[in-house]
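Grab your viewer and work through these exercises one at a time. Each has a task, then a solution in steps.

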Amino acid sequence: MGEKTKGQVMRTRRETAKAYLFMAPALIIVIVFTIVPIIGSLILMFFDYSVLGETRFVGLDNFTRAFHDKEFLIALKNSILFVVIVPVIQILSIFLALLVNRKLPGMNVFRTLFYIPVVTSMVAVSIIWGFIFDTNGVINTAFQEWGWIKMPLPFLDGKFSAMPCLMFITVWQGLGYYMMMYLAGLQSIPEELSDAARIDGANSIQTIFRIKIPLLKPYVWLCTLNSVISAIGVFDVVFVLTQGGPNNATMVINYYSYTKAFGDFQFGYAAAIGMIQAVITTIISIVVFVYGKKGGMNNDE
């Protein structure tokens, strides 16, 4: 019995060693490109570090500077403003999920078409929409040909239009992902519940709002949390299309941190901005999480 137990222990150790061996390449990549930079930034944010000058310890001065930096405060406001797209994208995703959950001819093709932007690079998506929104792009050319406008509309060049355009692109690109999440939730709901509701006299609209959507609450919580984190961390679409312009109208925290690090070589200040962003993301995520657990996102009611 003892020998058998020893053999089992040895086999378990060999299997564990094999598992770690297979995971080693991914673990090394995560450690080198994620863990080490995070630890480095935690140290760096307390220094005035520049590759072009002298490095010196400044304590909390980088954080003090951030909250007196008008450009950073604009970036902070714009990043929080970006969270406005969260309820929009969730409502549209639920609507689409309800639509594609129906058994109709060609529905699989429809699902695929909506999911294609999700697996497409955000850089590629931004470039495509840049051509569409350009002053000589598809929309302006069509409107001028039809005689609707005389001068091109400044979609990405207007102070008040650039941010809504970026929000629209983000919604368009992420819609398919959340649609599939909600579709998975809808397909996990027993059909017997809807049948019982219909037998009791409920129509299709009542079944959706009284049965299906309440049972989707855990999915709503998870998708909202993911969407909030993505909205605050938006970068690609700003980097490709507007670079924070015009006149800082689309400047967000992620892009501002990038410009300070790789434009002005103020790596310590950029690290402090990144930490502020992480704290804000954590606070908003906790609010969403607490609401999800205590505000009705459970099915344990």
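This is a predicted model: local features need pLDDT of at least 70, side-chain atom pairs count only at pLDDT 80 or more; totals for chains, interfaces and linings use all residues.

**Exercise 1. Aromatic pairs.** Count the aromatic pairs, then work out which helices the pair of tryptophan 129 and tryptophan 172 ties together.

*Solution.* First, the criterion: rings of Phe, Tyr and Trp (its six-membered ring) pair if their centres lie within 6.5 Å, and planes under 30 degrees apart count as stacked, over 60 as edge-to-face and the rest as tilted. That gives 24 aromatic pairs. Tryptophan 129 and tryptophan 172 make an edge-to-face one, at 5.5 Å centre to centre with 75° between the planes. Now place the partners: tryptophan 129 is in helix α6 (residues 122–133) and tryptophan 172 in helix α8 (residues 162–187), so the pair ties together parts 43 residues apart in sequence. (Helices are DSSP runs of H or I, at least four residues, and strands are runs of E, at least two, numbered from the N terminus.) Tryptophan 129 is buried at 12% relative accessibility, whereas tryptophan 172 is partly exposed at 36%.

Then try phenylalanine 133 with phenylalanine 155: this pair is tilted, 5.2 Å centre to centre and 40° between the planes. Phenylalanine 133 sits in helix α6 and phenylalanine 155 in the loop between α7 (138–145) and α8, 22 residues apart. Both of these phenylalanines are buried.

**Exercise 2. A ring cluster and a charge.** Find which residues ring pairs link into a cluster, and which ring arginine 65 lies over.

*Solution.* Follow the ring pairs and you get a cluster of Tyr49, Phe235, Phe239, Tyr255, Tyr258, Phe262, Phe265 and Phe267. For the charge, look for NZ of Lys or CZ of Arg within 6 Å of a ring centre and within 35 degrees of the ring normal. Arginine 65 lies over the face of tyrosine 269, 3.7 Å from the ring centre.

**Exercise 3. The largest pocket.** Give the volume of the largest pocket and say which helix gives the most to its lining.

*Solution.* Set up a 1 Å grid over the protein atoms alone: a pocket is an open set of points where a 1.4 Å probe fits, with protein on both sides within 12 Å along at least five of seven lines, and lining residues have an atom within 4 Å of a point. Points are joined across faces, edges and corners, and the volume is the space filled by probe spheres set on them. Of the 23 lining residues, Leu98, Asn101, Arg102, Ile208 and Lys212 lie nearest the centre. At least two residues each come from α4 (85–100), α8, α9 (191–199) and α10 (204–215), and α10 gives the most, with seven.

**Exercise 4. The loop between α12 and α13.** Identify which peptide bond is cis at proline 246, and give the phi of glutamine 243.

*Solution.* Proline 246 is in the loop between α12 and α13 (253–262). Its bond from glycine 245 is cis, with omega near -5°. Glutamine 243, in that loop too, has a positive phi of about 50° although it is not a glycine; it is partly exposed at 41%. Asparagine 248, also in the loop between α12 and α13, has a positive phi of about 65° without being a glycine, and at 22% relative accessibility it is partly exposed.

Terms used. Residues are numbered from 1 along each chain as its sequence is written. Side-chain values use heavy atoms; hydrogens and water are left out. Buried means under 20% relative accessible area, exposed over 50%, partly exposed in between (1.4 Å probe, protein chains only).
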